[in-house]
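Please open the model in your viewer and keep the selection panel at hand. The tour below goes from one selection to the next and says what is to be found at each stop.

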Amino acid sequence: MSASVLLMQDIAKTFPGVVALDAASLSVRPGEIHGLVGENGAGKSTIIKVLAGVYHADDGTVSIQDTPVSPVTSEVIHAAGVRFIHQELHLVPHFTVTESVFMGQEITTRLGLSRRLMCARAETFFRDVLDVEINGDILIRDLGTAERKLVQIARALIDDQARLVVFDEPTAPLASGEIEKLFRAIRRLKDRGIAIIYVSHYLSEITDICDRVTVFRNGRDVAVLDKVDENCANELIKAMVGREIDALYPKSGHTRGALVLQAKGLGDTGYFSDISLSAHSGEIVGIAGLIGSGREELIDTLYGLRPARTGEVTLHGKPVRFSSPADAVARGMVLVPRDRRRDGLVLDMSVSENINLASLEEVSCYGIELRNRARERASRQIRELDIRPDNPAIISRQLSGGNQQKTVLARWLATRAAIFLLDEPTVGVDVGAKVEIYQLIENLARNGAAILLSSSDPGELIGMCDRVLVMMRGRITHETSAVGLSIDQLVAMTTGASTQNSAEGHADAR
Amino acid sequence: MNQTLKSIIARFGFLIIIVAFVIFFSAVNPVFLGGDNLMNIVEGSAILLIVALGMTLIVATGGIDLSVGIALDFGAAFAIVAMKEYGFGWYGAALIGISGGAIVGLLNAALIVGLKVSPFLATLGTFFIGSSVQRIFTNGGGPISHRRMPQEFRDLAVGDVFGIPTEVVIAAVLVLAYFIVMERSIIGRRVHALGMQRSAARVAGLKVNKYLILCFVAASMTAAVGGLIASANIRMFTPLSGFSYLLDAIAAVFIGAALHPRGRPNIPGTVIAVLFLGVIANGLNLMGLNFNTKDALSGIILVSALALVVAQQKLRH
Ligand SMILES: Nc1ncnc2c1ncn2[C@@H]1O[C@H](COP(=O)(O)OP(=O)(O)OP(=O)(O)O)[C@@H](O)[C@H]1O
Ligand SMILES: [Mg+2]
C-alpha cells in the first residue's frame, strides 16, 4: 500500500488581488479521516477546488497514490476515485432527488433510462449508507437544507468507486441528529478503506472524527497534528488564528428592558402551532430544535416570509401583520437568514452593494446614489467586522463562507434595527470570527436590541442566550433559563428525551 | 492566447466588431459615413431604442416582456382614436396614448405579481389578448388613418428641435431618464438586486412586488411613446405593427448586457446594441442586397454577435 492516497505540494493560487493559496501542502494517508481546518479565507475550499480541477493552480504538484497528476482535470480526478461534497449546494431545484443523484451518471438499460431502477438505487443508498428515508421522486426544492446535503453526498458516492471523499463543511446546514448520522456514514466509508478529507469549523467534530489534522493559515499549511484527541482543540485554535482564545462567548449579564416582540398562539398548519413567545429589549432569546421542528418556519413567519394562519404578533405592544419582509424591516425587525447564499446575499453584487442594500436611502440624495458615501459606509462596516479581503468592490460570490456571513451581518448592524432574528448566524464561521460575531451580538443586546437566536449549536445557545425555547414537532416544549443549563440537558430537550418543564423559565417569561 | 489579448477581447470584443462593420460598410459604399446617413441610422433606430429601454428594465428584473409590441400598438391606437373620434389635441392624445400603454403594463403586473404567473407566460398571454382586442376593434386588422392630425402631433415624428429630429430628442431624453434611474439611482440598485437574486432581495427588505409593478408599467408606457411616434409618422394606426420591434429589442438588451463587465442589462449597452442593429440594417441596405438576403445576413450577424457575447462572458471568468 502506498504511503499517501493524496499528496498536494506547494500549491499556489492567486485570484486577482487575492493570494488564496501560497505554497500550501496537504497529505492524506490511505483509510484515514483527515481534518482540514483554518480561518475563513485561509484557502481550504480553494485547495479543494484545485484538487477538483475547478481552479488551476499557479504552482505546485498533485499526486494520487504516488502517481503525479498533471494537468489536474475533473475527469482524471474523478477516474482516480476522488469525490467531492462541496461547501455550496449545486443542485437544480426542479429536479427530483433521483435525477439529482444520477445526473451525469444515469443508469441505462436497453430500454433507455431506467428511472425505476435509479430511484430504487438512490432510496436504498439513503437507507443503507446514510440511514435516512428520502423519497426519490421528491423535488429538490421541496427538501430542507439537510436533506439536500445528503442528496449531494449520495450523488458523489452512488457509483461505489470512491477512494477519497472530500467533505467541505458538510455539517454546516445540519442539526445534531443529522450530524450523528453523517458521522456514522463517514465512519462506515472509512471502514471500507476509503480515505476522507474533512473540512470544518467545528473543532469538536474535528477532534471527534479525525485521525490527523492539517491547519491552514493565510494560504499555507502551518501545522499538522498526527494524533488527535479532545484535548487538542486549543492547540488547533492557536495554530489557526495565531493566538489563544480563552472565552468563546462574551460574559453576559443583560439588563432586561421593555417587552418588544410578542407572539401569541402563532400557527401554520403542518409546521408549527400554538407558539407563544416574547423578547425584551436587551435580551437574547434562543430557539433550539431539530430540523423539522418548525424552528425555521417560525422564524420565516415572524419575518413575514410566510403567512401565519393563526395567532398574532405584537411589536412594542402594537399588533402587526407582516405580509412581506419589507414590512418587518420598516418596523425595525431584521433577519440574518440561515441560507446566506440564497437569502442573505445577492451573490453577484459587490460587498458594498450588499451592505448598503437595506439602507440605500442613507447613501442617496433625491434618490440618486452617492457612490463615495456608499463605499465609505461599506468600508467602515468591513473594517468593523474585519471582513476579508477588505475591498468593498469585490463580488460577494468570491468571498469565503465566513466572510459572506459577516457581510450579511454588516448590512443589518448598520441599520437601526431593534429586533434581530438570527437564524444560524455562525454557520461556517471560523472560531476567531465566531468570537467577533458573538461579541457583536452581545453589543447589540447591550445597546437594547431584542434578539431571537435560532441555532442548532447547543453550546452557542447556552453561551449566548438568557432564555432558551425548545421546539419539537412544531411546538414549544420547553422554556428555560440558559443559566446552568448543560449541553446534554439541552440536547435531551430538543430530541424529546427529557420532558420536565422548567418552571423557573416560564415564570420569568411573563 | 495570451492574457492581455484575452482581456482586450473580453472588454472590447463587441466594440471592435462594430468598428469593423462601420469600416467595412463605408469601404463598400462611401455614402455610409455621410452625416445625412448617420442621422438616418439614428432616426431610424429611435423607436426601437425607446422600446428597448423598457425591455432593459424588464430584463434587469429577471423577467422578459413579450407584450411591448402590444403596448406600442395601444399607444398608437389610443392616441389616434382620441384625436380622430374625440377631437383631443396633441397633448391630450399623447397622454391618452401613454395611458393606453399603461393598461398593458398593469395587466402584466396583475398576472405576474397577483397571480404569480412567470413573466414569460404572463406577457405572452397579454400579447395574445392584446392582439385579438386590436383585431376585434379594427374588424380584422384594418388600419385607422387620421390624415388631418394636429401638426404638433405629426411633429413628434417629422419635426425637429434645433435641427435635431424630434423623435431622436425624445429618445435621447428617455435614454437619459432611464440611465439615471437604472444606473445611478437607488431604485435601479434595487431593481438589479431583485433581478439577480429575488429571494435575497426580499430578505433584505426590498418591496419586490412594488418594483415589479413599477417596472412593467414603466416599460409599457415607454413602448407606448414609441407607438405615438410611429403613428405620427404614418398618420395612422396599423394594428399589430408593434410586434416587429419585439425580437430586436430583446436582442439589443442581451447584446448590451454582454458589453457590461458583469453581464448586467444596462442602458449604455442597450443604446450601443440598438445602434449596432441600425448600422447593420442600414449598411446592408446601402449594399443593395435584396430583402431576403438581407434578412438572412442580419440573422447571421445577430447569432454571431450573441455567440460572441457568450464567448466574452466565458473569457471573463
Ligand atoms: N473565485 C474567486 N475569486 C476571487 N477570490 C476568491 C475566489 N475564491 C476564493 N477567493 C478568495 O480566496 C481566499 C480563500 O478562500 P477560500 O474559499 O479557499 O477560504 P476557506 O478557507 O474555504 O474559508 P471558509 O472557511 O470561509 O469557507 C479568500 O480570501 C477568498 O476571498
Ligand atoms: Mg470554504
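Helices (H or I, at least four residues) and strands (E, at least two) are DSSP runs, numbered from the N terminus. This is a predicted model, in which local features need pLDDT of at least 70 and side-chain atom pairs count only at pLDDT 80 or more, while totals for chains, interfaces and linings use all residues. Residues are numbered from 1 along each chain as its sequence is written, chains are lettered from A and ligands numbered from 1 in the order in which they are written, and side-chain values use heavy atoms, with hydrogens and water left out.

**Domains of chain A**

Begin by colouring chain A by domain: domain 1 (6-241), domain 2 (246-332 + 417-510) and domain 3 (349-415), with bounds that come from an automatic or database domain assignment. The centres of domain 2 and domain 3 of chain A, taken over C-alpha atoms, are 26 Å apart, and their contact (heavy atoms within 4.5 Å) takes 14 residues from domain 2 and 10 residues from domain 3.

**The second largest pocket**

A pocket is found on a 1 Å grid over the protein atoms alone, as an open set of points with protein on both sides within 12 Å along at least five of seven lines, whereas a cavity is a set of points where a 1.4 Å probe fits but cannot get out; lining residues have an atom within 4 Å of a point. Grid points are joined across faces, edges and corners, and a volume is the space filled by probe spheres set on the points.

Select A:Arg141, A:Leu143, A:Gly144, A:Glu296 and A:Glu297, which of the 36 lining residues are the closest to the centre of the second largest pocket; the volume of this pocket is about 1100 Å³. Why does the second largest pocket lie between domain 1 and domain 2 of chain A? Both of these domains give residues to its lining, so the pocket lies between them.

Next show α5 (145-157), α6 (176-191), α9 (295-302) and α11 (340-344) of chain A together with α9 (198-203) of chain B, each of which supplies at least two residues of the lining. The largest share, five residues, comes from α5(A). By class the lining divides into 13 nonpolar, five polar and 18 charged residues, where Ala, Val, Leu, Ile, Met, Phe, Trp, Tyr, Cys and Pro count as nonpolar, Asp, Glu, Lys and Arg as charged, and the others, Gly among them, as polar.

Now select A:Ser324, in the loop between β17 (318-320) and α10 (325-330) of chain A. A:Ser324 is buried, with a relative accessible area of 17%; buried means under 20% relative accessible area, exposed over 50%, and partly exposed in between (1.4 Å probe, protein chains only). Leaving aside neighbours within four places in sequence, A:Ser324 is in contact with A:Tyr303, A:Gly304 and B:Arg202.

**The nonpolar cores**

A nonpolar core is a set of buried Ala, Val, Leu, Ile, Met, Phe, Trp, Tyr and Cys residues joined through side-chain atoms within 4.5 Å. Select B:Phe14, B:Met55, B:Phe153 and B:Phe276, which touch the most other members among the 98 residues of the largest core; helix α2 (residues 35-60) of chain B gives the largest share of this core, 14 residues. A second, separate core of 72 residues includes A:Ile287, A:Val320, A:Leu440 and A:Val468.

**Helix α8 and helix α7 of chain A**

Move to helix α8 (residues 233-241) of chain A, whose buried residues are A:Leu236, A:Ile237, A:Ala239, A:Met240 and A:Val241. Among the elements that cover them are β3 (33-38), α7 (203-209) and α15 (431-446) of chain A. After α8(A) comes A:Gly242, with a positive phi near 75 degrees. In helix α7 of chain A, pick A:Thr207, which is buried at a relative accessible area of 12% and touches, among others, A:Ala233 and A:Leu236.

**Backbone stops**

Finish with the backbone, where A:Ser70 to A:Pro71 is a cis peptide bond with omega near -5 degrees, and another cis peptide bond joins A:Arg388 and A:Pro389. A:Asp66, in the loop between β4 (59-64) and β5 of chain A, has a positive phi near 65 degrees and is partly exposed at 48% relative accessible area.
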